[in-house]
Each structure stands twice: as structure tokens, then as C-alpha cells.
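User: I would like to go through this structure with you, one topic at a time. Could you begin with the terms you will rely on?

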Amino acid sequence: MKYTTQFTTIPADSLSETVAACKQRQWRYVQTLAVNGEEGIDLIYSFMDMATGLLENYKVEKLAKGTHMPSITGDFLEAFVWENEIHDLFGINFDGIAIDFHGAFYALATPEPMTVISPAQKAAREKAAKVAAAKAAKEAKAKVGQGAAADDMEAKLAGMDPEKAAKVRAAMEVKAAKAEKEEK
Amino acid sequence: MGKATVIPFGPQHPVLPEPLHLDLVVEDEKVVEAIPQIGFVHRGLEKLVETKDYNQFVYVAERICGICAMGHSLGYAETVEQLMGVEVPKRAQYLRVIWHELSRIHSHILWLGLAADAFGFESMFMHCWRLRERVLTLFEKTTGGRVILSVVCVGGVVRDIDDAQMAEVISVLEGITDEYLQIMNTLISDYSVKNRTVGVGYLSHEDALELSMVGPFARASNVNYDVRQFGKGAYGDLSDFQPILSNEGDCYGRVVVRCKEVLQSIDIIKELAAKMPAGDIAVPVKGAPAADAEACNVLEQPRGECYYYARGNGSKYLERMRMRTPTSQNIAGMVKALDGCDFADVNMIVLTIDPCISCTER
């Protein structure tokens with residue numbers, strides 16, 4: 001048995017069907033977690049195939065706070081701990097939890113605290129977004145630069161004597177092939 | 001049918017190492033229903049990833065729980081290393097496993113003492129915790145800390161164990177073994193211990209699978225699953241590893257499984273000490289996890305499988321860090337085991353899942 005993991009995104013309305021299939025395949029329920037992202041809350045349900053060691057993580061993405069999701073405690077009773085926790089910390093509602101604490105699982109000073117984005121986190125996200133944007137812009141500029149240079153060469157070759165242009169093209173191809181060989 | 005009475009158990013109870021509340025619906029000394037409640041030590045530690053960078057958070061992770069400190073720091077570091085594609089040197093992997101197995105030894109011996117105290121065997125509790133002190137002394141000599149070790153970092157470990165210290169570790173473990181065998185034999189063969197544990201809190205193999213139980217709690221019901229079987233890290237270099245299983249399914253079976261796991265951990269440490277490779281104990285880790293990169297990891301803590309999840313956001317702070325601990329997975333199994341038990345057996349059944357509520361609530 002070799003341990004492997006994978007993440008698979010599934011639509012929210014296929015969750016019950018996916019979980020039922022895991023139950024039928026006798027996969028072991030591992031956990032449910034939530035992540036508060038920029039575009040909404042992601043839920044990740046993890047199951048392990050005990051025959052192969054595959055840890056499959058099913059992701060339901062970009063849920064709004066207050067969304068109603070079906071509880072999986074009908075198939076996996078032990079999930080009640082996580083569904084109650086996610087309800088209290090993230091504000092996702094689970095319909096039909098077998099042992100439902102109705103928001104009293106944790107005694108919290110702030111409702112749904114994991115959806116509160118702290119100034120430090122916001123600043124870190126903005127900085128990371130700026131760095132990523134700057135890197136993408138730099139890469140795009142480098143590509144455009146390469147394209148502009150190619151266009152200039154084509155214009156020069158068009159103005160040349162055809163025989164000479166053919167020789168220049170052949171030399172350029174040999175140079176490109178050599179550079180590619182050296183890269184490999 | 002008798003009159004149903006609801007008796008509150010906890011959050012403060014002499015046998016509970018940590019606060020856990022159960023509403024026990026009792027009819028004529030039989031528990032007909034048990035409704036658990038936790039949340040007394042929820043500290044919101046996972047939210048601290050927003051303000052502690054991925055190197056600093058190791059120190060938060062190991063403070064989730066005193067008993068599982070080494071395990072959580074190891075599991076967290078491995079998850080971040082997976083996220084960032086960091087390869088830890090072989091020597092560091094061996095050192096991590098040695099400290100982790102020492103942690104398993106001290107955790108199980110601690111639990112054996114608590115279990116003995118739960119049914120009034122106070123002298124056994126004293127002996128177990130006296131023996132445990134020798135393991136904590138080893139921790140102090142090799143890491144500087146008895147409980148919170150602060151020895152794991154992202155990329156490896158911060159301290160090495162030299163040959164002289166390693167020889168001392170092996171010598172102490174060999175010295176512990178004889179005394180431990182006396183304790184173990186007393187626990188598993190004494191008729192008064194068996195009277196309080198055999199047939200108590202029985203969970204069948206099917207129930208254990210149905211409820212996705214993990215750790216010694218599940219292995220006592222013959223569930224053949226231990227994360228160490230996957231052979232990750234230094235566990236892959238062991239000559240042979242087989243989980244300790246029992247068919248008993250009751251409190252006695254859980255005692256036996258944990259007793260034998262202590263001996264197995266001693267053997268693992270001896271084997272890895274003999275094979276210890278030379279080399280670096282850490283690699284430098286630079287940069288930050290990529291935006292939207294995510295990774296998950298599992299680790300066999302003393303109480304069972306622990307699941308870790310991390311997601312990056314391009315900065316040095318993680319977007320999300322999540323630990324799903326074994327006790328939280330076993331709560332449903334505990335509720336099932338309490339169903340139909342005698343009221344006097346409640347504390348024994350609760351203790352045999354080896355509850356670590358600090359881990360459960362974070």
C-alpha cells in the first residue's frame with residue numbers, strides 16, 4: 001500500500017452523491033475542513049482508499065457565507081464534529097447534522113472568526129498579489145520584446161536580396177538549433 | 001424500564017486529563033445515551049497563521065498540545081515542506097523519527113498511568129510516571145526541553161544527537177525495558193485490572209470501520225491501519241513494520257495494544273540509531289509557498305492518524321493551516337462504546353480512547 005494524495009474539485013450539488021459513492025466503495029472518512037478564500041469559502045472532504053493508500057480530497061469551491069450544504073453524517077456520523085466546527089467558525093450551514101449543537105459547539109467571542117480577515121493577512125495578500133502581477137508583467141514584456149525583434153528581422157530580410165536573405169535565414173536556423181541543443 | 005436521568009460528566013472530573021463534557025442519559029445504572037460536548041479549550045490557534053510566518057508557526061503548532069508537541073511540529077513541518085518542494089536530509093528524517101518515537105513512548109506510559117489511576121491503581125500510576133520521567137530526561141538532554149522540544153524546523157531539525165548522546169539514549173531505553181516489562185505484565189495479567197477492562201466498552205471491527213476510527217483505539221478492534229505502514233521518511237528504512245493489533249475490541253484490548261506499542265517504539269529507535277546516516281541536519285528554505293499551492297499530509301501520532309493541510313497565498317504567511325487530530329476522529333467511536341455500558345465504566349471507556357482535547361479543539 002503506497003500513500004498518494006490528490007485534490008479533485010467537484011460541484012456543490014454533487015457532494016452527496018460523491019460521499020455516498022465513497023461509502024459504497026468502503027473508503028474511510030478522514031476529515032472535512034474549510035478555507036476562507038478571496039472568492040468564497042472552499043470545503044475539502046478527505047477520504048482514504050484503504051486498499052491502495054490513496055488520500056482523495058474533494059474540493060467544493062467558492063461558497064458564500066451562509067450557504068446551506070447537506071450534512072454527510074447520514075453516511076459518516078463522525079463528521080458531526082467538523083460540520084459543527086465549520087458552522088461556528090466559517091458560517092456554512094449543514095442541514096441534517098446527526099448531533100447538531102446549533103452554533104454552540106465553541107464559545108466564541110467573535111462570530112465566524114475564520115472569515116474575519118485581519119489587517120496583517122490583508123496586507124500580505126495584497127503584497128503577494130502585487131508581486132505576482134509585477135512578475136507576470138515582466139514576463140509578458142520579455143515575450144513582447146522577443147516578438148518585436150523577430151518582426152524587425154523579417155522586415156530587414158524582406159528588403160534584402162532574395163539569395164542573401166535565404167543564406168541569412170539558413171544561418172539563423174542553424175544558430176537556433178544549436179542553442180536548443182545546448183539548452184537540452 | 002427505569003426512569004431516565006441525565007448525569008453530567010465533566011468538564012471537570014478527576015479522571016479526565018482535559019475538559020470534556022458528556023451528558024449521560026442513565027437508566028438504572030446503564031448509560032442509554034451519551035451526548036459529548038467540547039469547546040472548553042478552543043484557542044483559535046489555526047488563525048495564527050495569519051500573523052506568524054511559516055517558520056514561526058512551528059512554535060505555535062507544537063504548543064497545540066504538550067503530549068503531542070513533537071508530533072504536531074513534525075506534521076506541520078512535513079506539510080509545509082511538501083507545499084514548497086523541500087527535501088529534508090536523511091539524517092534529519094532519522095532524528096525526527098527517533099524523537100517522535102520517544103514521544104510515543106512517553107505518551108503511552110503517561111496514558112497507562114492515567115488508566116491505572118482511573119480504576120484506583122494509584123501505585124501503578126506512580127510507577128508509570130516515574131518511568132516516564134526517564135524519557136523526559138532524555139528529551140531534555142537531547143533537545144533542551146522536557147515537554148515542548150522546539151527541535152523541528154521547516155527543512156530539518158535544529159539540533160543533532162551525537163554518538164555519545166545516542167549511546168546514552170539506547171542505554172536508557174534498554175534500562176527502561178526491564179522495568180517496563182514488569183509494569184506491562186502486571187497490567188495485562190492482573191485479575192483486578194482484567195475485571196475492570198475485559199468486556200468493557202466493546203466495539204466490533206465493523207463498528208470501528210464504520211466510524212472511521214484511528215490509532216490504538218481502532219487497532220484494538222483489529223483495524224489494520226497505521227500511517228507508519230506507508231514507509232514515509234525514515235520509517236521506510238525499517239526492516240519490517242507491522243501494526244500492533246488485537247481482536248479483543250474492549251478496554252483490555254486497548255491497554256494491550258498501547259503496552260506493546262511502547263516496546264515496538266523502543267525497537268524502532270534502536271534500529272534507526274544503528275543505521276543513522278551521516279550528513280546535514282537541515283537545508284536552508286527560502287522564499288514562500290506559491291499562491292494557491294496546497295498540500296496535505298498524514299502522520300501517526302500516539303493517538304492515531306493526524307491529518308495536516310496547508311495552502312499558500314504567495315506570501316510568507318500561509319493562507320490556511322489545518323490539523324485534524326485523532327481524538328476528534330474517535331469521539332463518535334467513544335459515544336458508541338458508551339452506549340449500554342455501566343455508569344461505573346464510563347471513566348474507563350472515556351480514558352481508553354486516550355483523549356487529547358487540546359489537540360481536538362486547537
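Analyst: Two residues are in contact if their C-beta atoms, placed from the backbone, lie within 7 Å. Please keep in mind that this is a predicted model.

User: With that in mind, what percentage of the contacts in chain B with a separation of 6 or more comes from residues 24 or more positions apart?

Analyst: Such residues account for 70% of those contacts in chain B.

User: How many helices and strands does chain B have?

Analyst: Chain B contains 12 helices and eight strands.

User: Let us turn to the largest nonpolar core. Which residues touch the most other members?

Analyst: This core has 153 residues, and those touching the most other members are I92(A), L187(B), L338(B) and I349(B). The largest share of the core comes from α3(B), with 15 residues.

User: What does I349(B) contact beyond its neighbours within four places in sequence?

Analyst: I349(B) is in contact with V200(B), G201(B), C251(B), M334(B), A337(B), L338(B) and C341(B). One of these, L338(B), is also among the residues that touch the most other core members.

User: You mentioned α3(B). Where is V97(B), and is it buried or exposed?

Analyst: V97(B) is found in helix α3 of chain B, which covers residues 90-118. V97(B) is buried because 22 other C-beta atoms lie within 10 Å, and the cut-off for a buried residue is 20 or more. Apart from neighbours within four places in sequence, V97(B) contacts G233(B), A234(B), Y235(B) and L272(B).

User: How far is V97(B) from Q329(B)?

Analyst: Their C-alpha atoms are separated by 24 Å, and the two residues are 232 residues apart along the chain.

User: New topic: annotations. Where does UniProt place the feature "binding site" in chain B?

Analyst: The UniProt record, an unreviewed entry, places that feature at C68(B) and C359(B).

User: Which elements hold C68(B) and C359(B)?

Analyst: C68(B) lies in the loop between α1 (57-61) and α2 (69-84) of chain B, whereas C359(B) lies in helix α12, residues 357-361.

User: Are they buried or exposed, and what do they touch?

Analyst: C68(B) counts as buried, with 28 C-beta neighbours inside 10 Å. C359(B) also counts as buried, with 24 such neighbours. Leaving aside residues up to four places away in sequence, C68(B) contacts Q301(B), P302(B), C356(B) and C359(B).

User: Next, the backbone. Where is there a cis peptide bond?

Analyst: A cis peptide bond joins G10(B) and P11(B), with omega about 5°. P11(B) is in the loop between β1 (4-9) and β2 (21-27) of chain B. Most peptide bonds are trans.

User: Which residues other than glycine have a positive phi?

Analyst: Among them are Q26(A), with phi near 60°, and S150(B), with phi of about 50°. Q26(A) lies in the loop between α1 (15-24) and β2 (28-37) of chain A and is exposed, with 11 other C-beta atoms within 10 Å. S150(B) is in the loop between α4 (122-143) and β4 (152-153) of chain B and is partly exposed, with 17 such atoms.

User: Finally, how many residues of chain A are in contact with chain B?

Analyst: 36 residues of chain A are in contact with 32 residues of chain B. On the side of chain A that touches chain B, α3(A) gives the most, with eight residues. By class, that side has 24 nonpolar, seven polar and five charged residues.

User: What domains does chain A have, and how far apart are they?

Analyst: The domain assignment gives domain 1 (4-116) and domain 2 (121-183). Their C-alpha centres lie 47 Å apart.

Terms used. Residues are numbered from 1 along each chain as its sequence is written. Chains are lettered from A and ligands numbered from 1 in the order in which they are written. This is a predicted model: local features need pLDDT of at least 70, side-chain atom pairs count only at pLDDT 80 or more; totals for chains, interfaces and linings use all residues. Helices (H or I, at least four residues) and strands (E, at least two) are DSSP runs, numbered from the N terminus. A residue is buried if 20 or more other C-beta atoms lie within 10 Å of its own, exposed if 12 or fewer, and partly exposed in between; C-beta atoms are placed from the backbone. UniProt positions are given in the numbering used here, feature names are shortened, and annotations may be inferred rather than shown by experiment. A nonpolar core is a set of buried Ala, Val, Leu, Ile, Met, Phe, Trp, Tyr and Cys residues joined through C-beta atoms within 7 Å. Domain bounds come from an automatic or database domain assignment. Ala, Val, Leu, Ile, Met, Phe, Trp, Tyr, Cys and Pro count as nonpolar, Asp, Glu, Lys and Arg as charged, and the others, Gly among them, as polar.
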